[in-house]
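The following explanation is written for a reader who meets this structure for the first time. Please keep the sequence and the three-dimensional view at hand while reading.

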Amino acid sequence: MVEVANKGIDGTYDAVVVGAGIGGLYAVYKLREMGLSVLGIEAGDNVGGVWYWNRYPGARCDLLTIDYCYTFSPEVDAEWSWSEQFAAQPEILEYINFVADRHELRKDYLFDTRVSRAEYDEARQVWTFGTETGKTFEATYAVMATGPLSVPKRPDFEDFDSFKGELYYSGRWPKEPVSYEGKRVGVVGVGSTGIQIIPVVAQEAKELFVFQRTPSFTMPMRNHKHSDEYTAEIKRNLPAMRVAAKNSPLGGVRPATTRPYFSLPPEQRVKIMESAWQNGGHTFLGSFSDLMQNEEANEQVAEFVRGKISEVVTDPATAETLKPRGYPIFARRACLDTNYYETYNEEHVSLVDCFKEPIVGLTEKGVRTASREIELDMLILATGYDGLTGALMAFDVVGRDGKTINEEWKGGAHSYLGLMMKDFPNLFIVCGPNGPSALANIFTINEQNVNWLAGAIEHMRRSGLTAMEPTAEAEHEWMEHVHELSLNTLVRKANTWYTGANVAGKARGLTMYTGGFKAYRETCQEAADDNWRGMVFEKAGVPETVA
């Protein structure tokens with residue numbers, strides 16, 4: 001850090017990184033290794049990002065842990081071993097803390113500090129960061145590692161503040177233990193989070209009411225512990241698995257195939273699906289190559305899963321309510337569970353169908369639906385996030401001529417490569433809404449994004465350039481490409497946070513890159529190798545080159 005005499009400025013750095021999650025920590029590490037002075041700013045009191053905030057009961061990774069980790073550190077690879085196939089939140093947070101300790105990343109962070117404004121000074125070519133604590137910092141480069149799932153969504157219930165019982169958001173779970181024993185508990189939401197919470201809470205609660213609007217497809221996780229022998233195999237073969245992950249559409253080692261659904265006779269298809277159900281995890285996603293393109297194939301797989309729900313849930317009416325219809329399977333987040341459907345066979349568990357009996361509001365004693373009041377001691381809101389854009393639109397980010405990201409993204413998020421925006425020089429977005437984001441391994445995406453922006457900064461510093469941003473043409477062409485790709489996937493056909501449909505008034509549309517991680521990584525690298533194609537550079541405020 002360079003101490004400055006500017007009134008009101010608490011420090012000047014080469015780069016400020018916002019966020020201490022997966023991407024933010026790696027950005028601090030990478031830029032620091034390049035010799036830059038770096039300040040990380042984090043709203044929480046420690047590292048971890050989404051795994052710091054999401055401490056809810058049953059919180060667990062639904063990606064294989066051999067994928068869900070950094071690849072930049074041989075020291076961490078050698079010293080850390082995962083205990084099970086799908087790690088629980090405490091172990092994931094322990095891992096992230098382990099990485100932060102191993103590379104002394106906390107010393108470059110300012111915790112318990114929320115950024116309230118980031119503004120570009122065009123004359124001086126610096127970003128100024130205001131915080132809610134009153135401190136102000138400046139930096140040449142702004143790295144927004146705020147994450148795609150950072151802002152919990154408050155449901156629009158009448159009389160929301162009237163409830164006198166215990167109220168918890170899954171995405172802001174308290175650190176102290178929460179007891180459900182002997183209590184009447186309500187859970188609102190049956191996405192990935194609700195599906196993890198419900199079986200755990202049901203084990204203790206006196207009564208559990210699940211408020212479901214849109215049911216989710218979920219597959220059995222079939223989690224298991226790692227044996228010492230398997231851990232040794234993983235470590236021996238890790239380099240090859242990492243190469244395979246970086247060259248896969250999902251940025252990981254999930255099963256994959258080139259076999260279209262209808263290339264096999266019906267009996268073989270059923271046998272493959274039955275095997276996928278028994279093996280668990282995301283085996284289904286890799287069973288056939290065209291599930292997200294062929295609607296007929298998708299519906300047949302969906303019907304197979306609906307049949308499994310009826311096999312597990314004993315009450316036919318409850319089973320029917322739990323069956324998702326009206327959207328393609330895997331168009332919403334592909335959920336994994338442990339005993340989710342089995343939980344509805346418990347006598348003390350009740351399913352409230354919010355299509356037939358919508359929630360109107362809250363009362364002092366519980367939840368008021370269109371037909372009754374359900375008294376509760378505790379209400380858990382697993383109502384999701386303002387995804388993809390919410391975190392960057394939660395504070396003022398101001399570029400050239402007073403333009404703000406809030407204004408620019410009012411009609412939908414747009415950028416170049418998902419990494420930079422016109423009129424926001426030297427602003428880098430990590431895991432943004434126009435890259436693969438939620439559709440691929442988050443660790444792989446974050447590392448690739450940070451490596452790309454680090455290469456761009458290195459190019460500028462080596463060439464004596466002071467600022468860069470994409471051209472309007474490059475940004476437009478990228479978004480046209482993203483849109484064209486989206487027309488080829490069934491992901492666009494579900495009302496989800498992927499498409500902005502879960503937030504009232506938010507622009508609708510699938511703005512994520514759906515061409516797969518490998519193609520995305522290669523496209524970003526090609527732009528860099530082609531003299532940073534699509535970029536305008538400046539030297540001391542003077543336009544220098546258009547790549």
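Predicted model: local features only at pLDDT ≥ 70, side-chain atom pairs only at ≥ 80, totals over all residues.

Strands of a sheet pair through backbone hydrogen bonds, either parallel or antiparallel. Here the pairing is parallel, and 5 strands make up an open sheet whose order is E7-E16-E8-E9-E12. The edges are held by strand E7 (166-169) and strand E12 (349-353); each has a single partner strand, and therefore one side of each is left without a neighbour in the sheet. From one strand to the next, the twist averages 15 degrees.

One pairing may be followed in detail. Strand E9, which covers residues 207-212, runs parallel to E12 and is joined to it by 5 bridges. Within this pairing, Gln-212 has Asp-353 of E12 as its bridge partner. Helix H5 (residues 192-202) packs on the sheet, where it touches strand E8 (184-188), E9, E12 and strand E16 (378-381). The direction of H5 makes about 165 degrees with that of E9.

Attention now turns to a pair of helices. Helix H1 spans residues 22-33 and helix H12 spans residues 442-463; their axes come within 9 Å and cross at roughly 35 degrees. This crossing of H1 and H12 is right-handed. On the side of H1, the contact is made by Ile-22, Gly-23, Tyr-26, Ala-27, Lys-30 and Leu-31. H12 contributes several residues, among them Ile-442, Phe-443, Asn-446, Glu-447 and Val-450. Sorted by class, the contact between H1 and H12 has 10 nonpolar, 3 polar and 2 charged residues.

The empty spaces remain to be described. Rolling a probe the size of a water molecule over the atoms shows where empty space is left. In the whole structure, a search finds 6 cavities of 30 Å³ or more.

The largest cavity holds about 180 Å³ of space. It is lined by 14 residues, and the closest to its centre are Trp-80, Trp-82, Ile-234, Lys-235 and Leu-238. Helix H3 (74-79) and helix H6 (228-246) each supply at least two residues of this lining, and the largest share, 5 residues, comes from H6. By class, the lining of the largest cavity has 8 nonpolar, 3 polar and 3 charged residues.

The second largest cavity has a volume of about 130 Å³. Of the 15 residues that line this cavity, Ile-66, Asp-67, Thr-71, Arg-242 and Ala-245 lie nearest its centre. H6 and H12 are the elements that give two or more residues to the lining; the largest share, 5 residues, comes from H6. The lining of the second largest cavity has 7 nonpolar, 4 polar and 4 charged residues.

Finally, the second largest pocket leads back to helix H5. The volume of this pocket is about 330 Å³. Its lining has 22 residues, of which Gly-58, Gln-196, Pro-199, Val-200 and Thr-338 are the closest to the centre. Two or more residues of the lining come from each of helix H4 (89-102), H5 and strand E11 (335-337). H5 gives the most, with 5 residues. By class, the lining of the second largest pocket has 10 nonpolar, 8 polar and 4 charged residues.

Methods: Residues numbered from 1 in each chain as written. Heavy atoms only, no water. Axes fitted to C-alpha atoms, helices over the stretch in contact; angles between N-to-C directions. Helix = DSSP H or I, 4+ residues; strand = E, 2+ residues; numbered from the N terminus. Left-handed = near helix turned anticlockwise from the far one by under 90°. Contact = heavy atoms within 4.5 Å. Nonpolar A, V, L, I, M, F, W, Y, C, P; charged D, E, K, R; others polar. Pairing = 2+ DSSP bridges. 1 Å grid on protein atoms, 1.4 Å probe; cavity = no way out; pocket = protein on both sides within 12 Å on 5 of 7 lines; lining within 4 Å. Points joined across faces, edges and corners; volume = space filled by probe spheres on them.
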